[in-house]
2 protein chains.
Amino acid sequence: MQRVSVGLAGRSYEILIGPDLLRRAAEFIAPLAPTHIALVTSATVNDLYAERVRNALSGLGPLMTIVLPDGEAHKNWSSVSKILDALVEGGADRKSLVVALGGGVVGDVAGFAASIFMRGIRFVQMPTTLLAQVDSSVGGKTGINHERGKNLIGAFHQPQVVISDTSTLKTLPSRELSAGLAEILKHGLLADCKYFEQVVHDLPALRACAPDALGRAIAGSCEIKAGIVTRDERETGERALLNLGHTFGHAIEAMTGYTRWLHGEAVGCGLVLAADLSVRVGLLERAAIGPIETAVQAAGLPARIEGLSLERAIESMRGDKKSEAGAIRFILLEHIGRAVQRTVPDAALRATLAAGGYA
Amino acid sequence: MQRVSVGLAGRSYEILIGPDLLRRAAEFIAPLAPTHIALVTSATVNDLYAERVRNALSGLGPLMTIVLPDGEAHKNWSSVSKILDALVEGGADRKSLVVALGGGVVGDVAGFAASIFMRGIRFVQMPTTLLAQVDSSVGGKTGINHERGKNLIGAFHQPQVVISDTSTLKTLPSRELSAGLAEILKHGLLADCKYFEQVVHDLPALRACAPDALGRAIAGSCEIKAGIVTRDERETGERALLNLGHTFGHAIEAMTGYTRWLHGEAVGCGLVLAADLSVRVGLLERAAIGPIETAVQAAGLPARIEGLSLERAIESMRGDKKSEAGAIRFILLEHIGRAVQRTVPDAALRATLAAGGYA
C-alpha cells in the first residue's frame with residue numbers, strides 16, 4: 001500500500017493506494033469513531049462492491065446504504081436531497097460519517113451532501129474509477145451540476161481519508177480506464193517530465209491493470225496534484241494549471257451534449273490542442289508535439305476529433321466558468337513538465353482549432 | 001457609526017452599525033469591486049427598503065433583485081434554487097456579490113446560496129431586524145430548514161461586511177423588536193454582567209428605537225458574540241454557550257408548530273427556564289432569578305408559557321441537533337455574566353418544567 005499526504009492546515013488527510021483495500025476498510029475508518037455510517041454508491045458499484053464494504057464495516061456501528069442512479073445526469077440536487085433525507089431519517093448527527101463508494105459523480109454528490117448536512121460532517125472517499133482515484137480524490141472539490149452548467153453549485157470539503165483500491169479497476173470498462181489515463185498524462189505534462197516518461201513507458205501495463213504500474217502512476221499523480229492544491233487550496237493561482245487540456249475538453253463535451261465523449265477522452269484531445277496552441281504562440285518547441293500525440297493515442301484516447309464547429313467551440317470556451325469578462329485563459333506548455341496560464345491572440349486559437357479538424 | 005470587528009483568520013470582517021447606513025451602502029461596497037450584484041430580499045423588505053439600496057448602489061455596475069416570499073416557511077431549497085438560477089441567468093461569475101437585505105431568513109438563505117454558487121462567492125449582509133443585527137450578523141452560519149428539522153442544511157460562510165442600519169428598526173413590529181431584545185439579554189447573561197445591567201436600564205429607550213441606545217446595545221452584543229465566535233468558529237466548544245435559553249426555546253417553537261411564538265419570544269421564556277434549572281442543580285443563586293424574569297418581561301417577552309406538554313418537551317429536546325446520542329447538553333448560569341455547559345439530572349429538568357407551567 002502506498003500513502004500520499006495532502007497537507008492542508010487543519011484538514012490534512014491521506015490517500016491510501018493499493019490492491020484489495022476495500023476489505024481492509026475498517027482499519028482506516030475505525031479511528032474516526034463515527035456514530036453512524038452512510039454508504040453512498042451508484043447502482044453499478046452497489047452490485048459490484050457495496051457488500052464487500054458493508055461486510056468490512058459491519059463492526060463499526062449502524063450503517064445505511066444510499067444508492068444513486070448511475071450517470072452524470074443524476075449529479076443534481078435530487079441526488080443530494082436523497083442523501084440528506086436518509087441522513088435525517090437515520091438519525092445522523094455531527095459525528096456521523098458519509099462514505100462515498102464509486103466514481104467521480106458519487107464522490108462529488110456525496111461529498112457535497114456531507115459538506116452541507118448540519119453545516120458539514122465528515123466524509124471518506126472510496127473511488128472506484130481511475131479518474132476519481134487520480135483527480136477528484138485530491139483537492140476537496142465537491143458539487144453538482146446546474147441545468148445551465150457543470151459544477152456550478154458546490155463546496156470545498158476535504159475528506160478524512162481516501163481509500164483507493166486498485167483492484168476495483170479490473171471491472172472498469174477500458175474506455176473509462178483510458179479516460180483516467182488522460183488526467184495522469186496531464187499531471188506529467190504540467191509538472192514532471194520524468195513522471196510523464198515513466199507513465200508513457202508503463203501505458204501497456206496500466207491498460208492491463210498491472211498492480212505495480214497502477215500504484216506508481218496513481219501515487220505519482222496524487223502527489224503532483226496534492227502539491228499544487230496544498231499551495232493553492234481555493235484556486236486563486238497555481239491550481240488553475242490543473243486545467244491543462246480542460247478548456248478545449250469542456251468545449252468538446254458541451255458541443256457533443258456530454259454523451260459522445262467521456263470527460264477524459266475530451267481532455268486527451270484537449271491536451272493535443274493545448275500543445276499545438278503552445279507551439280503557435282511561441283512557448284513550446286514543435287518537436288514536443290509528436291510525443292504528446294503518441295502518448296494520448298497509446299493511452300487509448302482520441303488525439304483528434306473531426307468535424308466540430310470552430311465558432312461554437314470559441315463561444316463555448318468564452319462562457320467557461322474559468323473565464324472572466326469573456327477572456328479565455330488557457331493553460332499552455334513551456335516544455336513537457338512545465339505549464340503556464342496565458343491569454344492568446346484570437347488568430348492563434350483559430351489556427352489551432354482549424355489544424356485540429358474544426359470547421 | 002460604530003464598528004465591530006469579527007476577527008477570523010483570512011476571513012475577518014466588520015459590522016457597521018448606525019442610523020441611515022443603507023443610503024451610504026456604495027461607500028462600503030465599492031471597495032469589493034463586484035462584477036455583478038445580486039440583491040436578495042423578502043417581499044415586505046423589498047417594498048420598504050430595496051429601492052433605497054438600489055439607488056445607493058446604482059453606480060457600481062449591473063444589479064439584479066431577487067425577491068423571496070416572506071417567512072420561515074420559505075427558508076428552503078426552493079428559495080436557494082431561485083437565487084442560484086438568477087445568478088446563472090444573470091451571468092454571475094466568481095467576482096459577483098450577493099447582498100442580503102432583510103431579516104434572518106433572507107440572510108441565511110442568501111448566504112447559503114452564495115456559499116455554494118461556484119463553490120463560494122462573496123456576500124454582504126444588510127440586516128433589517130434587531131434579531132438579525134445582533135445574532136445572525138455574527139458567525140457566518142447560513143442555511144435552510146429540512147422538513148424534519150430547522151437549519152439542518154447549511155454552511156459556514158463569512159460575509160465581507162455587515163451593514164446594520166438602525167433606522168430600519170423603526171418599521172419593525174414591536175413583537176419582533178422584543179424578539180431581538182431576547183438575544184441581547186442572552187448575550188449579557190452569558191458573558192457580561194455590566195452589559196446586561198446597561199441593557200436592562202436602556203430597555204424603555206430600546207423599545208422606543210432611540211438611536212443611541214440601539215447603537216450601544218447592538219454593538220455590545222456583536223462584540224460579545226464576535227469574541228466567542230473568533231475563539232471557536234466551528235462550534236466545537238465555547239460557541240455552544242450562545243445556546244443559552246435555546247434548548248428550551250427550540251422545544252417551545254417545535255411544540256407550537258413554529259407559528260404561535262417568535263424565536264426570540266421562545267428564547268426569552270427559555271432564559272427564565274435555564275435560570276431556574278441553574279438554581280436547581282446548585283449553580284446559580286436563587287436571588288438571581290428575579291432580575292432575569294423582570295428583564296424578560298420588561299423587554300416585552302413572555303417569562304412563562306403555560307400549558308405545554310412536559311413529556312413532549314423532553315422528547316423534543318432529546319432530538320435537538322446539539323444533542324449527542326440522546327444526551328441533552330444545557331447551557332446554564334453560574335452567575336449573571338457567566339455560563340457553562342452541563343448535562344443535568346432528569347429530576348431537575350422535570351422540576352424546572354413543572355414549575356414553569358408544563359403539565
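How many of the 359 residues of chain A count as buried? The share is 60%, where buried means under 20% relative accessible area, exposed over 50% and partly exposed in between, with a 1.4 Å probe and protein chains only. This is a predicted model, in which local features need pLDDT of at least 70, side-chain atom pairs count only at pLDDT 80 or more, and totals for chains, interfaces and linings use all residues. Residues are numbered from 1 along each chain as its sequence is written, chains are lettered from A, and side-chain values use heavy atoms, without hydrogens and water.

**Chain A overall**

- Chain A has 13 helices and 11 strands, taken as DSSP runs (helices H or I, at least four residues; strands E, at least two) numbered from the N terminus.
- Along the principal axes, its C-alpha atoms fill a box of roughly 60 × 40 × 35 Å.
- Among contacts (heavy atoms within 4.5 Å) between residues at least 6 apart in sequence, 75% join residues at least 24 apart.

**Helices H9(A) and H12(A)**

- The axes of H9 (residues 246–255) and H12 (residues 310–318), both of chain A, come within 9 Å and cross at roughly 115°; axes are lines fitted to C-alpha atoms over the stretch in contact, with angles from 0 to 180 degrees between N-to-C directions.
- H9(A) and H12(A) are therefore roughly perpendicular, the class for 65 to 115 degrees.
- Thr247(A), Phe248(A), Ala251(A), Ala254(A) and Met255(A) of H9(A) meet Arg312(A), Ala313(A), Ser316(A) and Met317(A) of H12(A).

Key: Parallel < 35°, antiparallel > 145°, perpendicular 65-115°, else oblique.
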